[in-house]
Amino acid sequence: MISMDVQSVKIDLIHWLTELQDKSILKKLQGLKEEQESSYELSAKQMKELEDRLEKYEKGEMEFSPWDIVKDKVRIRAKDAL
């Protein structure tokens, strides 16, 4: 399956799904689909924050932080929110 191109994999999966009768697998697949769809959606507040930060960066008013510093800040904020 690794050597298959994306379209071939999709067609194979579609065919498999049309034949699938196992409700538990269908339920898991539906959950996976819903999780993926919702995981990339940003709220209006998140979009505004992202736009504001990008604007500041473009104006030279903001610099990127190293990833380790960003992770530490996120952890601290998450603990404070609890």
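Let's start with the largest pocket, whose volume is about 410 Å³. Of its 13 lining residues, R53, M62, F64, S65 and V70 sit closest to the centre. A pocket here is an open set of points on a 1 Å grid over the protein atoms alone, where a 1.4 Å probe fits, with protein on both sides within 12 Å along at least five of seven lines; lining residues have an atom within 4 Å of a point. The volume is the space filled by probe spheres set on the points, which are joined across faces, edges and corners.

This is a predicted model, in which local features need pLDDT of at least 70 and side-chain atom pairs pLDDT 80 or more, while totals for chains, interfaces and linings use all residues. Residues are numbered from 1 along each chain, and side-chain values use heavy atoms, without hydrogens or water.

Back at the largest pocket, α3 and α4 (67-81) each supply at least two lining residues, and α4 gives the most, with 5. Helices are DSSP runs of H or I, at least four residues, numbered from the N terminus. By class, the lining holds 8 nonpolar, 1 polar and 4 charged residues.

Helix α3 itself covers residues 44-58; at 1.5 Å a residue its 15 residues should span 21 Å, and its end C-alpha atoms are 21 Å apart, which agrees. Just after α3, G60 has a positive phi of about 80°.

Now for the second largest pocket, with about 250 Å³ of space. Its lining includes W16, L29 and Q36. Here α1 (6-19) and α2 (23-39) each supply at least two residues, with α2 giving the most, 6.

Definitions and conventions:
The expected span of a helix is 1.5 Å times one less than its number of residues. Ala, Val, Leu, Ile, Met, Phe, Trp, Tyr, Cys and Pro count as nonpolar, Asp, Glu, Lys and Arg as charged, and the others, Gly among them, as polar.
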